[in-house]
Amino acid sequence: MLKGYLSITKPGIIIGNMISVAAGFFLAAKSESASASLLLSTLVGVALVIASGCVINNIFDRDIDVKMARTECRLLAQGELNVDHAFVFALILLLVGTGMLYTLANPLATVVVLLGYVFYVFFYTMWYKRTSVYGTLVGSVSGAVPPLVGYLAVTNYISLEAVLLFALFSLWQMPHSYAIAMFRMHDYKAAGIPVLPAVAGIQTARKHMLAYVLAFNLVALGLYLLGQAGWEYLLVASAVCLWWTKVTFRPVTEENYMVWSKAVFKVSLLVVMGVSSILGLELIPLTL
């Protein structure tokens with residue numbers, strides 16, 4: 001039973017978001033004092049809030065999850081968990097998570113994480129995901145909140161650097177999510193979810209992905225020029241951005257779009273891991 005409740009929190013999504021939370025925290029720690037205990041509290045608090053949102057997503061999406069090969073075995077979709085109990089579980093996770101952030105971090109970080117929660121649960125899950133091709137764009141807003149919360153937990157104020165960080169992760173979400181939508185397109189069509197590749201076609205989706213990758217590159221550079229990121233960040237960010245751009249700009253046809261979109265998706269993971277990791281490693285004094 002415990003394993004079942006853990007599965008509906010989507011641990012993989014939580015772990016991925018913890019990487020971005022740490023990235024925001026490490027970036028802020030370059031200019032503000034921070035501690036390991038604050039990092040741990042922030043990670044746990046945000047993880048609990050994200051877990052709550054994922055449980056609500058599982059509850060609300062159980063009717064479409066059974067139509068998709070990737071999600072048809074989810075426990076709530078199969079009716080193997082009580083919906084009311086799952087909702088109470090989500091509420092507890094939300095209350096504990098926001099309580100930790102409020103008491104151990106600061107109120108601003110708590111307000112922002114709640115705004116991200118509202119965007120994910122109400123605007124994305126309950127509204128745009130099912131009704132509009134812009135659902136991915138709405139979801140990208142909530143997806144960029146965790147690194148911002150990590151940043152605000154340290155600074156307790158919003159700066160230009162914080163805005164660039166938020167923009168960076170918002171832009172990253174778009175080609176990453178469109179790539180998933182492309183190689184899972186038949187699933188989305190079966191569930192009636194209006195993702196861009198299914199609605200507008202592969203070539204239109206690719207053009208959007210190219211634009212977002214280029215915009216991501218510019219913001220990544222801006223974070224170095226206008227923020228506290230060092231030369232190590234510039235080297236790593238330049239390398240992964242160039243790689244992502246090279247892969248995304250490859251020609252796409254009806255025959256190779258599956259292979260292409262999976263490649264874009266895989267490199268996108270390396271991009272976010274590379275950028276996030278180097279921000280932490282920059283805090284370690286290096287001597288030759």
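Modeller: Happy to, starting with Asp65, which sits in helix H4 (residues 62-65); helices here are DSSP runs of H or I with at least four residues, strands are runs of E with at least two, and both are numbered from the N terminus. This is a predicted model, where local features need pLDDT of at least 70 and side-chain atom pairs count only at pLDDT 80 or more, while totals for chains, interfaces and linings use all residues. Residues are numbered from 1 along each chain as its sequence is written, and side-chain values use heavy atoms, leaving out hydrogens and water.

Colleague: Is Asp65 buried or exposed?

Modeller: Buried means under 20% relative accessible area, exposed over 50%, and partly exposed in between, using a 1.4 Å probe on protein chains only. For Asp65 the relative accessible area is 2%, so Asp65 is buried.

Colleague: Which residues does Asp65 touch, not counting those up to four places away in sequence?

Modeller: Contact means heavy atoms within 4.5 Å. With residues up to four places away in sequence not counted, the partners of Asp65 are Asn58, Thr71, Glu72, Arg74 and Ala77.

Colleague: How many disulfides does the structure hold?

Modeller: A disulfide is a covalent bond between the sulfur atoms of two cysteines, and the test here is a pair of cysteine sulfur atoms within 2.5 Å. The closest cysteine sulfur to that of Cys54 belongs to Cys73 and is 18 Å away, which is too far for a bond. The number of disulfides in the structure is 0.

Colleague: In the largest nonpolar core, which residues touch the most other members?

Modeller: A nonpolar core is a set of buried Ala, Val, Leu, Ile, Met, Phe, Trp, Tyr and Cys residues joined through side-chain atoms within 4.5 Å. The largest one has 81 residues, and those touching the most other members are Leu168, Phe216, Tyr233 and Trp244.

Colleague: And which residues does a second, separate core include?

Modeller: That second core is separate and has 7 residues. Among them are Ile64, Ala181, Tyr188 and Ile193.
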